[in-house]
Amino acid sequence: MESFYQHEGSLKWALLLLAFVIFALWETYCPRRVLVASTARRWSSHALLSFLCNTLAAWVFRVSAVVVAAASHHGLLNRETIPFAVRCLIAVLLLDMLRYGQHYLYHAVSFLWHVHQVHHADPDYDWSTSLRFHPGEVLLSQGVYLAAIVVLGPPAAAVFFLELADVAQNIFVHANIALPQWIDTRLRRLLITPDMHRIHHSGERSDQNTNFGTIFPWWDKLFGTYRRESIKGDEMEVGLRELSIQQGVSLFGMLALPFRTAYNSSRGESTYVQGYGSQEGN
């Protein structure tokens, strides 16, 4: 297994390419929704943003989550008395719940929402939306994730599995595809589906405050944030209504969005701020 760790980066890129081919073709010939923006421009902007984020994260942290897990010898799960399989299972569940908690906070805390809204500002919803995160969010999320791995001391195999699963699942849940209803219903018992996560990208604020999970749907159901369908049904729109398509697709617009909305909020101007405790603007 250790030989696989050495090729972690290559395997993640290979999986990303495979998922891209599968879902890009699926979306092209059998889309779930009609897109409103230029696909070529969105895909290129999202790819550039993702490249910038990955390059910056690699430069800042220098090591991957798997390497950190392999080097952690004093974490809570680093106990030989606990069977290896049990430690792996606990690690996968706890780290996925951490992702859920992080996502919840990105919506609940106003200054975190300023950064996270870049992901929601996409006027469309397809596989490329999975690449659309602000560098500030990527660095913060990765820093918290690596710190959690140091504290937990999970088996490197569990982290390795979760890293690959996250790549595939992230593209899958953002894909503009339609699964047969009977498959979607059954799959939701184990994994988050595109129709389930698409609700989270609705233009309706109440929809956006639901379905925070990354891989497993259990945390949303456990903590009461699960929503089976949008309040708008099939007429649901995605994105942030406060932004134009131009603002939502431009690479510079995506990078500048958190600072622009934060500046407007500080001046008391009407702007969209997500949060459970308070909302500014309308």
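# Pockets, a cavity and helix contacts

Q: By class, how many nonpolar, polar and charged residues does the lining of the largest cavity have?
A: This is a predicted model, and the residues that line its largest cavity are D96, R99, Y145, L162, E163, D166, T214 and I215. Asp, Glu, Lys and Arg count as charged, so D96, R99, E163 and D166 belong to that class. Sorted this way, the lining comes to three nonpolar, one polar and four charged residues.

Q: How many cavities of 30 Å³ or more does a search of the whole structure find, and about how much space lies in the largest cavity?
A: Searching the whole structure turns up one cavity of 30 Å³ or more. The space in the largest cavity is about 50 Å³.

Q: Which element gives the largest share of the lining of the largest cavity?
A: Two elements give two or more residues to this lining, α5 and α8. The largest share is three residues, and it comes from α8.

Q: Which residues lie nearest the centre of the largest pocket?
A: Let's move on to the pockets. The largest pocket holds about 1400 Å³ of space, and its lining has 20 nonpolar, 18 polar and seven charged residues. Elements that give two or more residues to that lining include α2 (8–29), α3 (39–61) and α7 (135–152). Of the 45 lining residues, those nearest the centre are K12, N54, R99, Q142 and D166.

Q: By class, how many nonpolar, polar and charged residues are in the lining of the second largest pocket?
A: The second largest pocket has about 360 Å³ of space. Among its 17 lining residues, R32, R188, D195, R228 and E229 are closest to the centre, while α9 (181–187) and α10 each supply at least two of the lining residues. Split by class, this lining has three nonpolar, four polar and ten charged residues.

Q: Are α5 and α6 roughly parallel or roughly perpendicular to each other?
A: The axes of helix α5 (residues 84–108) and helix α6 (residues 110–120) come within 6 Å and cross at roughly 105°. Angles of 65 to 115 degrees count as roughly perpendicular. On that scale, α5 and α6 are therefore roughly perpendicular.

Q: Which residues of α5 and α6 make the contact?
A: By class, this contact has five nonpolar, five polar and no charged residues. On the α5 side they are H103, L105, Y106, H107 and A108, and on the α6 side S110, L112, W113, H116 and H120.

Q: Is L146 buried or exposed?
A: L146 sits in helix α7, where, beyond its neighbours within four places in sequence, it is in contact with F61, V63, S64, A65 and V68. From C-alpha to C-alpha, L146 and S64 are 8.3 Å apart in space, although 82 residues separate them in sequence. The relative accessible area of L146 is 8%, and under 20% counts as buried, so L146 is buried.

Q: What is the relative accessible area of M236?
A: M236 is found in the loop between α12 (218–222) and α13 (245–249). Not counting residues up to four places away in sequence, M236 touches R33, R198, I199, S202 and S230. The C-alpha atoms of M236 and S202 are 6.3 Å apart, with the two residues 34 apart along the chain. M236 is buried, with a relative accessible area of 6%.

Methods. Residues are numbered from 1 along each chain as its sequence is written. This is a predicted model: local features need pLDDT of at least 70, side-chain atom pairs count only at pLDDT 80 or more; totals for chains, interfaces and linings use all residues. Side-chain values use heavy atoms; hydrogens and water are left out. Axes are lines fitted to C-alpha atoms, for helices over the stretch in contact, and angles run from 0 to 180 degrees between N-to-C directions. Helices (H or I, at least four residues) and strands (E, at least two) are DSSP runs, numbered from the N terminus. Angles under 35 degrees count as roughly parallel, over 145 as roughly antiparallel, 65 to 115 as roughly perpendicular and the rest as oblique. Contact means heavy atoms within 4.5 Å. On a 1 Å grid over the protein atoms alone, a cavity is a set of points where a 1.4 Å probe fits but cannot get out, and a pocket is an open set with protein on both sides within 12 Å along at least five of seven lines; lining residues have an atom within 4 Å of a point. Grid points are joined across faces, edges and corners, and a volume is the space filled by probe spheres set on the points. Buried means under 20% relative accessible area, exposed over 50%, partly exposed in between (1.4 Å probe, protein chains only).
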